[in-house]
Amino acid sequence: MKEIFSQGVVDKTAYLNWRTSRHDHIQNMLVIADGFRDSALLLVKELLKDNTTNRADNIIFPVLFNANHSIEVYLKAICWTQNLLLGINDTFPGNHNLKGLFDKVVELESKLGHPSDKSRFMDMLSKLEAYIDELYGNIERTVRNGNGKDRIIHDITFCRYTLNNNLEPQFYINTFDNVVVDLENFLAVFKEIFDNLSSLAMHYQAHLEAKQEAQYECRE
């Protein structure tokens, strides 16, 4: 067969490195975040056009995965930019904990921003915060660690596997009630979430570029 990573007709070929740069790792992360964002929203729009075969019932899993992964990468890119603005030699927490990443971004913003900016900042993230709280309420479970003590974890793999790593069914399996997603509501809510995450990422990027330019001019 023809290799998958090969050239085709230009307008029918995807270029992995046209939007990325070897010199701007944070911008590269935002390219990935945008891609997972767009794929989630495009899939939902297609499902809203035609769901006569109930195809949403299985496509919702990659939709949720793509949406959650986009959120994760946006938050990590924002966190890294905030650290650079603060002069902190750190990137971002190396896990998939959306709540932890959200809390870290809020913490770093409190160190960066003026008190008058806090309400605007939190307003922009209000729907994301509400979604993460709702999500974590669903994926929370208690596990017993090696020393016999219970601890609470949040299994973000729920949309990748129907079983958790202990081979137990995910929250939507062992229930007699329907576990559902309103696709029209999903589209409206996540469009706003992603618009605000993108705006915040660009806001911090602009401030970082201005800071770096000022530092460069001082060295001249």
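A salt bridge is a side-chain nitrogen of Lys or Arg within 4 Å of a carboxyl oxygen of Asp or Glu. The whole structure holds 11 salt bridges. This is a predicted model, where local features need pLDDT of at least 70, side-chain atom pairs count only at pLDDT 80 or more, and totals for chains, interfaces and linings use all residues. Residues are numbered from 1 along each chain as its sequence is written, and side-chain values use heavy atoms, leaving out hydrogens and water.

**Salt bridges**
- Lysine 76 and glutamate 72 pair through their side chains at 2.8 Å, N to O.
- Lysine 76 is buried at 9% relative accessible area (buried means under 20%, exposed over 50%, partly exposed in between, with a 1.4 Å probe and protein chains only).
- Glutamate 72 is buried too, at 7%.
- Lysine 49 and glutamate 46 form a salt bridge at 3.3 Å, N to O.
- Lysine 49 is exposed at 65%, while glutamate 46 is partly exposed at 39%.
- Aspartate 133 bridges to lysine 99, with the closest N and O atoms 3.3 Å apart.
- Asp34, Arg37 and Asp38 are linked in a network of salt bridges.

**Nonpolar core**
- The largest nonpolar core has 53 residues (buried Ala, Val, Leu, Ile, Met, Phe, Trp, Tyr and Cys residues joined through side-chain atoms within 4.5 Å).
- Ile71, Leu128, Phe190 and Leu197 touch the most other members.
- Helix α2 gives the most to this core, 14 residues (helices are DSSP runs of H or I, at least four residues, numbered from the N terminus).

Technical notes
Helices (H or I, at least four residues) and strands (E, at least two) are DSSP runs, numbered from the N terminus.
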